[in-house]
Amino acid sequence: MDFFISNAMAEGAQVAGNDFAGLLMPMAILVFFYFLFIRPGQKRAKEHKKMVDSLSKGTELVTTGGLLGKVAHVDDNFIGLEVSPEKVVWIQRSAISSLMPKGTYKALVRNQ
């Protein structure tokens, strides 16, 4: 099998040892993905938790399912959401999408 590689060329080949340059590109890709995907997701989760923790009775909000209402009861895991006069729906805290400005709920209930 000497006709594929000459003996002189095979003798000069050296095995690379612990090469830091070979690890530099994969580490750069990991750092890039951290700042592009993981960090913004953690930031959004932190803001959502802060928003949910700040809820109190009378706060107007929208759920992920699209329900608009006013907070009537606050529990550790659930929120009592008043969706119409004297109609309360219980939702999980994690189902809250965003807070609405004061008066949004009242204006919509009055128009119906």
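Here is a short chat about this predicted model.

Q: Hi! How many helices and strands are there in the chain?
A: The chain has 3 helices and 5 strands.

Q: And what pattern do they follow along the sequence?
A: Read that way, the pattern is α-α-β-β-β-β-β-α.

Q: Let's look at helix 2. How many residues has it, and how far does it reach?
A: Helix 2 covers residues 20-53, which is 34 residues. From first C-alpha to last it reaches 46 Å, close to the expected 50 Å.

Q: Where is the kink in helix 2 centred?
A: On Tyr-34, and the kink is about 40 degrees.

Q: Switching to strands: how do strand 3 and strand 4 run, parallel or antiparallel?
A: Antiparallel, with 6 bridges joining strand 3 (residues 78-84) to strand 4 (residues 87-92). In this pairing, Glu-82 stands opposite Val-88 of strand 4.

Q: What about the turn between them?
A: Strands 3 and 4 form a hairpin with 2 residues between them. Glu-86, in that turn, has a positive phi of about 65 degrees.

Q: Where is Arg-93?
A: Arg-93 sits in the loop between strand 4 and strand 5 (96-99).

Q: Is Arg-93 buried or exposed?
A: Buried, yet without a salt bridge. The nearest side chain of opposite charge is Asp-53, 4.3 Å away, and a salt bridge has to be within 4 Å.

Q: So what does the side chain of Arg-93 reach?
A: The backbone oxygen of Val-52, at 3.0 Å.

Key: Residues are numbered from 1 along each chain as its sequence is written. This is a predicted model: local features need pLDDT of at least 70, side-chain atom pairs count only at pLDDT 80 or more; totals for chains, interfaces and linings use all residues. Side-chain values use heavy atoms; hydrogens and water are left out. Helices (H or I, at least four residues) and strands (E, at least two) are DSSP runs, numbered from the N terminus. The expected span of a helix is 1.5 Å times one less than its number of residues. The bend at a residue is the angle between axes fitted to the seven residues ending there and the seven starting there. Two strands pair if DSSP finds at least two bridges between them. Buried means under 20% relative accessible area, exposed over 50%, partly exposed in between (1.4 Å probe, protein chains only). Lys and Arg count as positive and Asp and Glu as negative; His and the chain ends are not counted. A polar contact is a pair of N or O atoms within 3.5 Å; within protein, one must be able to donate a hydrogen and the other to accept it, and residues adjacent in sequence count only if both atoms are side-chain atoms.
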